[in-house]
Amino acid sequence: MRSPDAVLRQDAPGRAPAPFTAVTGMSTASGTFGELLQGVLPEENSDFLVTLPIARWARVTFHGTPGTDELEVRPAHKLKALRLTEMIMQSADAPMGGVLAIESTLTEGKGLASSSADLVATARAVANALGEPMPPRRIESLLARIEPTDGVLYPGIVAFYHRRVALHTELGSLPPMTVVGADEGGEIDTIAFNRIPKPFSAADRAEYARLLERVAGAVARADLAEVGAVATRSALMNQVLRPKRTLDDMIGICRQVGGLGVVVGHSGTCLGVLLDTADPSYPQRLVDAASACSELVGNATVYRTLSFDR
């Protein structure tokens, strides 16, 4: 959208200054509670994940000022978003300076795709200000130059090659679920994590391929129990790479409260119990799960998953 505020540019001597308009672009991107599945497929360069979109967002507003080339980001530590803005301006037909303002309800370093959401929303907000298209493939090509990325640029649940920043498959959507999340504490640097060699055997890779087939079928059928089973298996397989000290306890809590399964941030510090919101016993299951998580790690946070038109 365009602001009515006019800015004057100084033209050549003897000519009247030509007015031009400051512009504002805004966009959002949702986070994801860890991953329903994350691993490596049998083929080369096939690190992948399956997203679980949640109702928490990064919101980015770019206040552009034509006629200048100075760029600023707020908060100041969001340097990857600033770099992305610079990259977009370098290829823009009419580049400009301005201020990039980022607001987010996604805690950093926990496995909620906070950085990916920042960058996707930034790309779209800056493109909106420039009046340029920003389709998913263009976003992928830009983000591939910055860091491994979750698939939050696509609606719904997707399988995504996060290291090479490319879509594997759009799987669809699921009915609403709740994640009762627990945070083991600390922060994980996603870039550093993705440099760790994966200790997965050929048999592991074959199992990940089967798990991907299972979760794809489960999403197509809206089979929440099967989704939960795949998520739990993926969490267990990830213990050799980024162990969660409370995973066994969380699986026990899930069984006690009648949850669907346990989902984790494979490269983060969060894990959670999946609940079916349509279950008649959901209210009590929610209370019981939150109480048990709080007792286990001293905190519990409730997240709602996002559903899209099926």
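## Cores, a strand pair and salt bridges

Leaving aside neighbours within four places in sequence, Phe33 is in contact with Leu52, Ile54, Gly111, Leu112, Val179, Gly181, Val263, Cys270, Leu271, Gly272 and Tyr303. Contact means heavy atoms within 4.5 Å. This is a predicted model: local features need pLDDT of at least 70, side-chain atom pairs count only at pLDDT 80 or more, and totals for chains, interfaces and linings use all residues. Residues are numbered from 1 along each chain as its sequence is written, and side-chain values use heavy atoms, with hydrogens and water left out.

Phe33 also belongs to the largest nonpolar core, which has 77 residues. Phe33, Leu36, Leu37 and Val50 have the most contacts inside this core. Helix α2 (residues 114-130) gives the most to the core, with 10 residues. Apart from this core lies another, of 19 residues, with Val180, Val257, Val264 and Ala289 among them. A nonpolar core is a set of buried Ala, Val, Leu, Ile, Met, Phe, Trp, Tyr and Cys residues joined through side-chain atoms within 4.5 Å. Buried means under 20% relative accessible area, exposed over 50%, and partly exposed in between (1.4 Å probe, protein chains only). Helices (H or I, at least four residues) and strands (E, at least two) are DSSP runs, numbered from the N terminus.

Next, a strand. In a regular strand the side chains alternate between the two faces of the sheet. Both faces of β9 (residues 261-264) are covered. Gly261 and Val263 are buried on one side, Val262 and Val264 on the other. Strand β9 runs antiparallel to β10 (residues 270-276), and four bridges join them. Two strands pair if DSSP finds at least two bridges between them. Gly261 stands opposite Leu274 in β10. A hairpin of five residues connects β9 to β10.

Now the charged residues. The whole structure holds 13 salt bridges. A salt bridge is a side-chain nitrogen of Lys or Arg within 4 Å of a carboxyl oxygen of Asp or Glu.

| Pair | Closest N and O atoms |
|---|---|
| Glu147 and Lys80 | 2.7 Å |
| Arg138 and Glu132 | 3.4 Å |
| Arg233 and Glu207 | 2.7 Å |

Arg233 lies in helix α6 (residues 224-237) and Glu207 in helix α5, so the pair ties together parts that are 26 residues apart in sequence. Glu207 counts as buried because its relative accessibility is 18%. Arg233 is partly exposed, at 33%. Glu147 is buried, at 5% relative accessibility, whereas Lys80 is partly exposed, at 34%. Asp47, Arg163 and Lys198 are linked in a network of salt bridges.
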